[in-house]
Amino acid sequence: MSRLLILFFAATNIFAILYAPQPLLPMLASVFDISVPTASLAISLPIVALAVASLLLAPITDKWDRKNGILLANACLILPSIFLCFADSFPEFLLWRFWQGICIPGVTALLMAYAAEEFPANERGRVLGIYVSATVVGGLSGRIIGGVLADAFFWQAPFYVFALVAALLTVMIWRWLPPSSRQSKKDNHSLLGFLVHFANPKLVGTFFIGFSQFFAFIGVFTYIPFHVSQPPYSLGPTAISLLFVTFVFGILSAPAAGYLSDRIGRRSTMALGHLVGGFGIAVTLLPSIAAMVVGLSLMSAGNFASQSAATAYVGDVATKSRGAATSLYQFFYYMGGSLGAWLPGLLWDRYEWHGVTALTVGTILLALVSNHFLAGRNSWQTGSGHSTLSH
């Protein structure tokens, strides 16, 4: 079986697990008798765990064989996915979601490093674009399957399904993913391989871009179920889940952006994604379902185009210890997502959707600032470098 296909399936399942509860948030709030901001912890807490685990893994990621690390981390997702089905309280539910978040970066960081190392440099944008596309497919399928199964059966049903899929994928990785053949052994023994990345302005700028962009994306899609479940929309769980079909534009934009960034440059592609995504958020302010669908579609396309280019850019500018670099990128990326799932909730009670949109568009503007002032710098002492990096 093609290694690229295995990478695609593994990434898809990870993000299906991570985001399956999102359309269920109003249902979870009712089942466990909790508030809207508290229910959002079902998304934000595992993302916090993911971010913290990514940071802790960064100094040691390059010590691990890529395949064995991916296999072990994926296997560790099976039990919490099962235990979620038997949670009797929301704190218990959060415990198993936290466990899932701890396990996820062992798969994702190593998958990104594996993809950056095992494929030719002139294909890196395309391959990592496909990886990002898989994350979109996973996020979309997790949200749709989660909402539809919970609406048709009971809230635990999606978690039974994803526990089974995690078990099947563990077997697939063990049986068909080829071992690493190009993993560098030079930098896997020193903490310096982790710290040196903070001396690279291009990487630091890209870390902040990931933080800002994902803050906006998660903020929008965490609070959209609450927005459209109210009048004048009054949508139910299945209809809310169908709004996540707008992710299909991310499935298309991620590989296209990877291909484009190989030719016009990573930073130009990232900036284009920022602008498209920010405009999409603004469109959701128009009071109609059609405008909501158009705005979310643009947001998805812009976010994943930017993410595709940023992921490839990390592989470009991290010339050593790529496992550590991808772990650090994930830390900042998912810290942005975690705060994006929580902070807009503080504005929700007073400003509702207008507060969410103002905050998320503001963070996308910060991503543009970071792209311009940091991601192009060659050092902390000099000014901006070249405007793009093509390979």
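**Salt bridges and a domain interface**

Modeller: Let's start with Arg 266 and Asp 316, whose side chains meet in a salt bridge (2.6 Å, N to O). This is a predicted model, where local features need pLDDT of at least 70, side-chain atom pairs count only at pLDDT 80 or more, and totals for chains, interfaces and linings use all residues. Residues are numbered from 1 along each chain as its sequence is written, and side-chain values use heavy atoms, with hydrogens and water left out.

Biologist: What is a salt bridge?

Modeller: Side chains of opposite charge can pair when their charged atoms come close. The rule here asks for a side-chain nitrogen of Lys or Arg within 4 Å of a carboxyl oxygen of Asp or Glu. By this rule the count comes to 2 salt bridges. The other joins the side chains of Asp 262 and Arg 266 (2.7 Å, N to O).

Biologist: Are Arg 266 and Asp 316 buried or exposed?

Modeller: Both Arg 266 and Asp 316 are buried, meaning under 20% relative accessible area, while exposed means over 50% and partly exposed is in between (1.4 Å probe, protein chains only). Arg 266 has a relative accessible area of 0%, and Asp 262 counts as buried at 5%.

Biologist: Where do Arg 266 and Asp 316 lie?

Modeller: Arg 266 lies in helix 14 (residues 266-283) and Asp 316 in helix 15 (residues 289-317), so the pair ties together parts that are 50 residues apart in sequence. Helices here are DSSP runs (H or I, at least four residues), numbered from the N terminus. Through shared partners, the salt bridges join Asp 262, Arg 266 and Asp 316 into one network.

Biologist: Now the domains. How much area do domain 1 and domain 2 bury between them?

Modeller: The size of an interface is often given as the accessible area lost when the parts come together. Here the domain assignment, which is automatic or from a database, gives domain 1 (1-180) and domain 2 (194-377). They bury about 4,200 Å² between them, 72% of it on carbon and sulfur atoms; that buried area uses a 1.4 Å probe and is summed over both parts. In terms of contact (heavy atoms within 4.5 Å), 52 residues of domain 1 meet 47 residues of domain 2.

Biologist: How many salt bridges are there between domain 1 and domain 2?

Modeller: The count between these domains is 0.

Biologist: Which helix gives the largest share of the side of domain 1 that touches domain 2?

Modeller: Helix 8 does, with 18 residues.

How values were computed: Buried area is the accessible area (1.4 Å probe) that two parts lose on being put together, summed over both. Helices (H or I, at least four residues) and strands (E, at least two) are DSSP runs, numbered from the N terminus.
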